Amino acid sequence: MSESELGTLSAADRQRLDELNARLKELNGTFIGYPCSGVFDYAPLFHFLRYPFNNVGDPFVTSNYQLNTHEFEREVVEIFARLTRAPEDASWGYVTGGGTEGNMYGIFLGRELHPEGVVYYSEDTHYSVNKILRCLHVRNIMIKSDPDGRIDLEDLRETIRIHRDVPPIIFANVGTTVKGAVDDLPGIKKILHDLAISQYYLHVDAALSGMILPFVEHPQPWNFADGAHSISISGHKMIGAPIPCGVVLAKKKNVDRIARQIEYVGTLDTTIPGSRNAFSPLMLWYAFHTVGEEGLRRSVRRCLETADYAIARFAAIGRAAWRHPNSVTVVFDRPSQNIVRKWQLAVLHGAAHIITMPHVSREQIDRFVADMAEDESPAANGELSPEGETIP
Ligand SMILES: Cc1ncc(COP(=O)(O)O)c(C=O)c1O
């Protein structure tokens, strides 16, 4: 087929696209419930969408498929590696299709290194992890969470103690989905030390907070320097992108143990998918070369200030709302379904949240809180205690 045979849209089809655009534009105005930034402009990259490029294979190994952006992908991975304090020259990573894929990679690596291992994860873990565990068919045990969303260390200690004949594969949350809680990594390592467990794997899910904590003054322990063996971070969350993406990082010596040479593409099969999107690395590279790390630092500071503004506005109408340190997730009791729908809120049991991402303005918070002030209905399933505990 030649380019002249590609055809054009009918007037009716064009109209459908215009309608979709109008609908998305309107919905954008009330988008305060999910952790995806709406502040980005990748228009200068659009001409790259003409190429059938594909980042198949390991970005650090040459491939027969040369129409790729591996060079830019490597630079992105190197930036993320520095921001996560990955060991120099001893880490590896690739640009994923999002946090879920990075978590799958981390659990896969842990399972490959410790085939008998048991995965421990808290009940506040993102819902996709349960599906990953089913896909990988790995033994797993869900651990209780503290009311503030962090993994319950006592439950973890007792459960690992009972199963201490098999290596633990610990799935730690750095910024839980609903409450933005950061699991206590030093506390987890202390349990392993106390129980004299030397064979273990520690994967960190830092989907949102992985691009917040490098830019705050007092981050909670969360990265390679704090004991992680692999980390997954989403790209479309704090950095922002119209195509979901992310980065997974792991220790190179562990990845080397699972790598397989594939003749068909002439490269190493170290990634989960075969074909991989070559555009996302360009977006992430572009963000770091335009907004840059200083821009992200400013953006994170503003987002935290907006979160505090929201909490103050809630207080002004007599409703409790709270957040964890270094988190932009503002948690409150679940409002009526009308508000949930209008403001596209994420809800779980008695809790709801807004996430003050870079596009969320004080004016939007004011409109949202005004709606909350009118909201007659009590929390659907629970109430929020003054200490900030969600009581289901
Ligand atoms: C803590 C956490 N982990 C994983 C994910 C899944 O990430 P993604 O949507 O990038 O696949 C999310 C999504 O919100 C999340 O909040």
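Predicted model: local features only at pLDDT ≥ 70, side-chain atom pairs only at ≥ 80, totals over all residues.
**Helix packing**

Two packed helices are described by the angle between their axes and the distance between the axes.

| Helix pair | Angle | Axis separation |
|---|---|---|
| α5 (residues 153-162) and α6 (residues 185-194) | about 30° | 10 Å |
| α2 (residues 70-83) and α9 (residues 279-290) | about 55° | 8 Å |
| α10 (residues 292-316) and α12 (residues 362-374) | roughly 25° | within 10 Å |

**Helices α5 and α6**

Helix α5 packs against helix α6 at an angle of about 30°. Because angles under 35 degrees count as roughly parallel, α5 is roughly parallel to α6. The crossing of α5 past α6 is right-handed. On the α5 side, the contact is formed by L153, L156, R157 and I160, which meet G187, I188, K190, I191, L192 and D194 of α6. Sorted by class, this contact of α5 with α6 comprises six nonpolar residues, one polar residue and three charged residues.

**Helices α2 and α9**

For α2 and α9, the axes lie 8 Å apart and the packing angle is about 55°. That angle makes α2 oblique to α9. The two helices, α2 and α9, cross in a left-handed sense. Helix α2 contributes F72, E73, E75, V76, I79, F80 and L83, and these residues meet P281, L282, L284, W285, F288 and H289 in α9. The contact of α2 with α9 contains ten nonpolar residues, together with one polar and two charged residues.

**Helices α10 and α12**

The axes of α10 and α12 cross at roughly 25° and come within 10 Å. Helix α10 is therefore roughly parallel to α12. As α10 passes α12, the crossing is right-handed. From α10, the residues E305, T306, Y309, A310, R313 and F314 meet R362, I365, D366, F368, V369 and M372 from α12. Seven nonpolar, one polar and four charged residues make up the contact of α10 with α12.

**Ligand surroundings**

The residues surrounding the ligand are G98, G99, T100, N103, H126, G175, T177, D205, A207, S234, H236 and K237. For S234, a polar side-chain atom lies 2.8 Å from a ligand oxygen atom. The corresponding distance is 3.0 Å for a polar side-chain atom of K237, and it is 3.4 Å for a polar side-chain atom of H236, again to an oxygen atom of the ligand.

Technical notes: Residues numbered from 1 in each chain as written. Heavy atoms only, no water. Axes fitted to C-alpha atoms, helices over the stretch in contact; angles between N-to-C directions. Helix = DSSP H or I, 4+ residues; strand = E, 2+ residues; numbered from the N terminus. Parallel < 35°, antiparallel > 145°, perpendicular 65-115°, else oblique. Left-handed = near helix turned anticlockwise from the far one by under 90°. Contact = heavy atoms within 4.5 Å. Nonpolar A, V, L, I, M, F, W, Y, C, P; charged D, E, K, R; others polar. Near = heavy atom within 4 Å. Polar contact = N/O pair within 3.5 Å; in protein donor to acceptor, adjacent residues only side chain to side chain.
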